[in-house]
Amino acid sequence: MNNIYEKFNLLLVEENKEEATKFILELLQNKEIDILELYMDILTPSLNLMQCMEDKRLCIWKEHVRTAIIRTIVECCFPYVLKKRDELNYSKKGTAIVLCPPEEYHDLGARMVTDFFTISGYHAIYVGSNTPYSDFRNAIDIIKPNIVAISVSNYYNMVVTKKVIKEIKEVVGYPIKIVVGGNAFNNDTEKYKIVGADYYAKTYEDIKNIAGDEVAL
Amino acid sequence: MNNILELKNIDKIYGTDIKTQVLYDINLSFEQGSFNSIIGQSGSGKSTLLNIIGTLDKPTSGEVLIDNNNVGNMSNNKLAAIRNRMIGFVFQFHYLLPEFTALENVLMPYEIKGGKITKEIVKKAEEYLSLVGLDNVKNNLATKMSGGQQQRTAIARALINEPKIILADEPTGNLDSDSTENIYELLRKINQEIGTTFIIITHDRKIAEKTDRIIEIKDGRINLDIRK
Ligand SMILES: Nc1ncnc2c1ncn2[C@@H]1O[C@H](COP(=O)(O)OP(=O)(O)OP(=O)(O)O)[C@@H](O)[C@H]1O
Ligand SMILES: [Mg+2]
């Protein structure tokens with residue numbers, strides 16, 4: 001796995017989208033890597049551990065280019081996600097919606113978590129970055145999800161996240177579960193309580209455990 | 001880390017006949033050298049809280065401790081002395097004395113403290129003015145400067161006594177986003193280099209998201225208190 005990670009990272013440093021994508025897809029095709037391993041051990045660390053060693057003025061540029069390459073790969077993985085879901089064949093759960101609050105633009109983590117929900121048996125809906133407050137609420141009224149997962153990277157967005165969670169819990173007349181994740185919560189696993197969420201999730205295992213709790217309800 | 005500031009069970013009620021409570025049982029402490037922001041809707045009680053922290057206003061009940069000294073027990077003279085030595089203010093509305101130049105305004109807290117105006121202190125004042133980008137208007141009367149320039153002068157003025165704590169109420173309220181960024185960089189630099197504690201009220205998410213702690217006030221209560 002280390003070899004794969006290193007090789008993949010070299011391609012990312014070169015910003016070689018074509019080879020990076022080919023490299024990963026071939027591994028999946030030849031069953032040399034499992035989709036969950038790919039997400040957990042290769043893509044997530046590649047996204048998080050990006051170091052900006054060269055020109056500081058290019059950091060955000062480079063982060064965006066790298067994110068875009070990983071995003072392409074994640075979107076290409078969907079057939080493997082479905083395959084994994086069918087193979088594991090967990091009992092069918094309800095609906096999970098995954099989104100980022102207003103002004104939150106780092107959404108690739110949320111996108112990957114959506115696939116974890118799919119694999120765990122949910123009908124998972126990925127809404128994306130910067131979801132307006134009112135849409136958020138109205139969508140919940142219509143879709144009536146069992147789970148709302150909110151991804152927060154910038155810690156300032158915990159303010160609006162707390163507000164949204166409070167409101168969701170007040171208006172929804174059934175036991176909805178709120179999951180939070182993302183960099184804003186990663187340095188302190190108790191932080192999720194501050195915004196009023198029910199769970200903090202970082203890994204596939206976390207999502208699977210939440211799914212297990214749901215079934216037990 | 002030492003707490004340079006502590007608030008214990010602060011209530012604030014305005015008015016005697018018609019009473020309006022604007023702060024409810026606020027408990028907060030601030031570590032020395034920390035860089036904090038206070039956010040919240042208009043009218044939530046932010047300025048009231050900051051004025052109490054800065055000993056410009058008294059709480060109806062509760063205690064304020066500055067550097068472990070309970071300021072509730074102090075005489076007005078002693079309070080003024082501690083305030084002058086320890087705290088620099090950047091106010092929300094009230095910036096400068098209009099009949100004085102930018103430079104004279106910056107020197108004012110130093111004079112109030114009883115300092116003699118020497119070449120050195122003038123040089124220092126000029127350095128702070130230059131730090132906030134006001135080299136070319138430092139001899140303008142306060143009334144002959146733009147709102148943003150007055151605000152930056154107020155920041156230089158807050159720095160002159162090298163206080164341990166700077167309380168700033170919307171320090172970038174009138175500024176465009178480039179100037180806002182510059183002011184942030186400036187405050188952060190002072191925080192890092194001198195170890196000044198900052199408490200900044202701001203509506204600007206670009207500022208708040210860069211501070212190390214965000215305290216949200218809602219209807220006179222602490223709704224959220226998070227650290228980066
Ligand atoms: N001197 C006063 N007498 C009576 N009420 C006051 C006084 N000063 C403020 N208030 C009231 O106290 C509440 C809090 O005011 P404060 O100025 O602390 O709000 P703020 O959070 O700073 O708002 P803004 O963001 O608009 O500056 C408001 O409802 C205000 O009307
Ligand atoms: Mg105010």
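**Entry 1: T202(B)**

I began with the contacts of T202(B), setting aside neighbours within four places in sequence, and found S37(B), I38(B), I39(B), E170(B), T172(B), I207(B) and A208(B); contact means heavy atoms within 4.5 Å. I note that this is a predicted model, in which local features need pLDDT of at least 70 and side-chain atom pairs count only at pLDDT 80 or more, while totals for chains, interfaces and linings use all residues. Residues are numbered from 1 along each chain as its sequence is written, chains are lettered from A and ligands numbered from 1 in the order in which they are written, and side-chain values use heavy atoms, with hydrogens and water left out.

I placed T202(B) in the loop between β8 (197–201) and α7 (205–208) of chain B. Helices (H or I, at least four residues) and strands (E, at least two) are DSSP runs, numbered from the N terminus. Is T202(B) buried or exposed? It counts as buried because its relative accessibility is 1%; buried means under 20% relative accessible area, exposed over 50%, and partly exposed in between (1.4 Å probe, protein chains only). I also recorded that its side chain reaches the backbone nitrogen of D204(B) at 2.9 Å. This was looked up as a polar contact, a pair of N or O atoms within 3.5 Å; within protein, one must be able to donate a hydrogen and the other to accept it, and residues adjacent in sequence count only if both atoms are side-chain atoms.

**Entry 2: ligand 1**

I listed the residues around ligand 1, which include Y14(B), V22(B), Q41(B), Q92(B) and H203(B); such a residue has a heavy atom within 4 Å of the ligand. Oxygen atoms of ligand 1 lie 2.7 Å from a side-chain N or O atom of K46(B), 2.8 Å from one of S47(B) and 2.6 Å from one of T48(B).

**Entry 3: K164(B)**

I found K164(B) in the loop between α5 (147–159) and β7 (165–169) of chain B. K164(B) counts as partly exposed because its relative accessibility is 37%. Not counting residues up to four places away in sequence, K164(B) touches I4(B), Q32(B), D67(B), R85(B), M86(B), T196(B) and T197(B).

**Entry 4: the largest pocket**

I then turned to open space: the largest pocket holds about 1600 Å³. Of its 49 lining residues, E63(A), E104(A), H106(A), S153(A) and N183(A) are the closest to its centre. On a 1 Å grid over the protein atoms alone, a pocket is an open set of points with protein on both sides within 12 Å along at least five of seven lines, a cavity is a set where a 1.4 Å probe fits but cannot get out, and lining residues have an atom within 4 Å of a point. Points are joined across faces, edges and corners, and a volume is the space filled by probe spheres set on them.

Which helix gives the most to this lining? It is α4(A), with seven residues. By class I noted 23 nonpolar, 16 polar and ten charged residues; Ala, Val, Leu, Ile, Met, Phe, Trp, Tyr, Cys and Pro count as nonpolar, Asp, Glu, Lys and Arg as charged, and the others, Gly among them, as polar.

**Entry 5: the cavity**

I found one cavity of 30 Å³ or more. The largest cavity holds about 40 Å³, and its lining comprises Y128(B), L159(B), E162(B), P163(B), I166(B), I190(B), I194(B) and T196(B). I recorded these as six nonpolar, one polar and one charged.
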